[in-house]
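Please look over the sequence and the model shown here.

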Amino acid sequence: MSVREMLRGNDERFRSLAAGLGQDEWAHPSLCDEWSNHQVLAHLVIGYRSGVGLTMREILRHGGSFDRANTAMACALADVRSPAELLDEFGQLVHRPRGLGRIFPSRLLLGDHITHELDILFALDRAPQIPGEALMAVLNTQVALPNPFVPAFANSRGLRLHAIDVEWAHGAQGPLVEGRAADLVSVLGNRPRMLPVLRGDGVELLASRVSPRRIRRAG
């Protein structure tokens, strides 16, 4: 299966799951700093339909800050579109992405979408049902490539990482951090919520690197 096919299949699975969330769950704060679950969903839609020109104009409007522009676009869209409407549009864009969604690398989009799904589910204390193949693809990408939006490359430096629910490991030496693949994706992406469920002599070092204030939103 290609990464593009994996991304499409994962997006379809997420849309089906998200359709079952209630109004209070969409209004709940996500793990993505200062965003509700509704706003996270709006961000995913924007990532699939906003072009380079619109994105650059928003960045200029917000003093050159990608983070502020990204937040403003997500909040503005969530203010005028319900979760159901956003999910309908997301379902269409999965098969016909526009703008940045057409040119952004599939493996980076996969990581962005899965991380944000975990932002929603972990905030609601829901157990994710993300396929192991997709989680391993995200981990392999994020620990290997520096990414201005996801600090997993820096957070994993010098650590031995081991997923206990899939066949994935990283690093030949250093303190050990082990846990479920989804928990590793979330924590390495700078979300501290699942730190308590990780174990190993490297957890304290990883915790010292993870700061919610360093979260950035790709897409």
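Predicted model: local features only at pLDDT ≥ 70, side-chain atom pairs only at ≥ 80, totals over all residues.

Residues are numbered from 1 along each chain as its sequence is written, and side-chain values use heavy atoms, without hydrogens and water.

**Salt bridges**
- The structure holds ten salt bridges, each a side-chain nitrogen of Lys or Arg within 4 Å of a carboxyl oxygen of Asp or Glu.
- Arginine 49 pairs with glutamate 89 in a salt bridge, with 2.7 Å between the closest N and O atoms.
- Arginine 49 is in helix α3 (residues 37-49) and glutamate 89 in helix α6, so this pair ties together parts 40 residues apart in sequence; helices are DSSP runs (H or I, at least four residues), numbered from the N terminus.
- Glutamate 89 is buried at 12% relative accessible area, where buried means under 20%, exposed over 50% and partly exposed in between (1.4 Å probe, protein chains only).
- Arg49, Arg81, Glu85 and Glu89 are linked in a salt-bridge network.

**Helix packing**
- Helices α1 (residues 3-18) and α8 (residues 106-123) pack at an angle of about 20°, with their axes 9 Å apart; axes are lines fitted to C-alpha atoms over the stretch in contact, and angles run from 0 to 180 degrees between N-to-C directions.
- The two helices α1 and α8 are therefore roughly parallel, a label for angles under 35 degrees.

**A loop residue**
- Proline 97 is in the loop between α6 (83-95) and α7 (100-103).
- Proline 97 is buried, with 17% relative accessible area.

Key. Parallel < 35°, antiparallel > 145°, perpendicular 65-115°, else oblique.
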